[in-house]
Amino acid sequence: MKAQGGIAIRKVAKEDGEWKTRFRAFYADCGIKPVDGLDHAYFAAYADDEIAGHSVIYLEGGRWVLDGLRVKPEYRERGIAKGLTEARIRYALERGAKEVWYSCEDGNLVTICCHVRYGFKKVCPDSHRCTAATAHWYRLKVTPSLFKKFPGLKPGRHSTP
Ligand SMILES: CC(C)(COP(=O)(O)OP(=O)(O)OC[C@H]1O[C@@H](n2cnc3c(N)ncnc32)[C@H](O)[C@@H]1OP(=O)(O)O)[C@@H](O)C(=O)NCCC(=O)NCCS
């Protein structure tokens, strides 16, 4: 998949030592949830060999969760975050996801940029008490109409996790 300007978006095929070093540097100032023990996939946006954007999707407690969406400042507003989100939702749909989740604070650009367009709705699980200071959970229910945004995928043709 391509975002604007020759940026290539793809799943990280090999979580090898070289990638780990670049991954740690990419998130050095903000951190990211470790997902080593979970079913997961990292998606990166590459400008030639440079990592311009990065993100992850993981399966926890039967839930596919999007996390770690970040684009380097010099590559922003070129559709990279949108491309990374589309690729991760597609990945979940291919695996039979019935719902996709993410969490973030109110007003976060991540929500504005990439999730509302797919139909994510703010919900908070029973165990979570929302306050202005906490992050909120958002859920996308997978419906047949969502598949119209993902050419090549059809409802019911894919495996359940
Ligand atoms: C939020 C973020 C991921 C957006 O990345 P991006 O690649 O610039 O986003 P895109 O170019 O894909 O933009 C998608 C949409 O958001 C909108 N958007 C992007 N940046 C915007 C901004 N600064 N203001 C308003 N709208 C914005 C775009 O207009 C676009 O909408 P459109 O297609 O309807 O025109 C990026 O700004 C970022 O990484 N921010 C820091 C996040 C971070 O570091 N968090 C810590 C986690 S470790």
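Modeller: A term before we start: helices are DSSP runs of H or I with at least four residues, strands are DSSP runs of E with at least two, and numbering goes from the N terminus. Read that way, Gly37 sits in the loop between α1 (17-26) and β2. The model is a predicted one.

Colleague: How many helices and strands are there in the protein?

Modeller: The protein has three helices and seven strands. Along the sequence they come in the pattern β-α-β-β-β-α-β-α-β-β.

Colleague: And what percentage of the residues count as buried?

Modeller: 27% of the 161 residues are buried. As for contacts with a separation of 6 or more, 58% of them are between residues 24 or more positions apart.

Colleague: On to the sheet. What is the order of the strands?

Modeller: The order is β1-β2-β3-β4-β5-β7-β6, in an open sheet of seven strands with mixed pairing. The edges are taken by β1 (8-11) and β6 (121-123), each with a single partner strand, so one side of each has no neighbour in the sheet. From one strand to the next the twist averages 30 degrees.

Colleague: How do β3 and β4 run, parallel or antiparallel?

Modeller: Strand β3 (residues 50-60) and strand β4 (residues 63-71) run antiparallel, joined by seven bridges. Among the bridged pairs, Gly53 has Val71 of β4 as its partner, and Ile57 has Leu66, also in β4.

Colleague: What do β3 and β4 form, and how many residues are between them?

Modeller: They form a hairpin with two residues between the strands.

Colleague: Then β4 and β5, parallel or antiparallel?

Modeller: Those two run parallel, and three bridges join β4 to strand β5 (residues 99-104). One example is Val65, whose bridge partner in β5 is Trp101. With helix α2 (residues 80-94), β4 and β5 make a β-α-β unit, and that unit is right-handed.

Colleague: Which strands does α2 lie across?

Modeller: Helix α2 lies across β1, β2 (39-47), β3, β4 and β5. Its angle to β3 is about 30 degrees.

Colleague: Change of topic: the ligand. Which residues come nearest?

Modeller: There are 19 residues around the ligand, and Cys30, Arg76, Ala81, Lys82 and Cys113 come nearest. Two or more residues of that shell are given by each of β4, α2 and α3 (109-115).

Colleague: Which element gives the largest share of the shell?

Modeller: That is α3, with five residues.

Colleague: How do the residues of the shell divide into nonpolar, polar and charged?

Modeller: The shell has 12 nonpolar residues, two polar ones and five charged ones.

Colleague: Now the backbone. What is the phi of Asp48?

Modeller: Phi of Asp48 is near 55 degrees, which is a positive value in a residue other than glycine. Asp48 is placed in the loop between β2 and β3.

Colleague: Why is Asp48 called exposed?

Modeller: Asp48 has 8 other C-beta atoms within 10 Å, and a residue counts as exposed if that number is 12 or fewer.

Colleague: And Glu77, where is its place?

Modeller: Glu77 is in the loop between β4 and α2. Its phi is near 60 degrees, again positive in a residue other than glycine. Glu77 has 10 C-beta neighbours inside 10 Å, so it counts as exposed.

Note on methods
Residues numbered from 1 in each chain as written. Predicted model: local features only at pLDDT ≥ 70, side-chain atom pairs only at ≥ 80, totals over all residues. Buried ≥ 20, exposed ≤ 12 C-beta atoms within 10 Å, placed from the backbone. Contact = placed C-beta atoms within 7 Å. Pairing = 2+ DSSP bridges. Right-handed = clockwise from strand over helix to strand, strands pointing away. Near = placed C-beta within 6 Å. Nonpolar A, V, L, I, M, F, W, Y, C, P; charged D, E, K, R; others polar. Axes fitted to C-alpha atoms, helices over the stretch in contact; angles between N-to-C directions.
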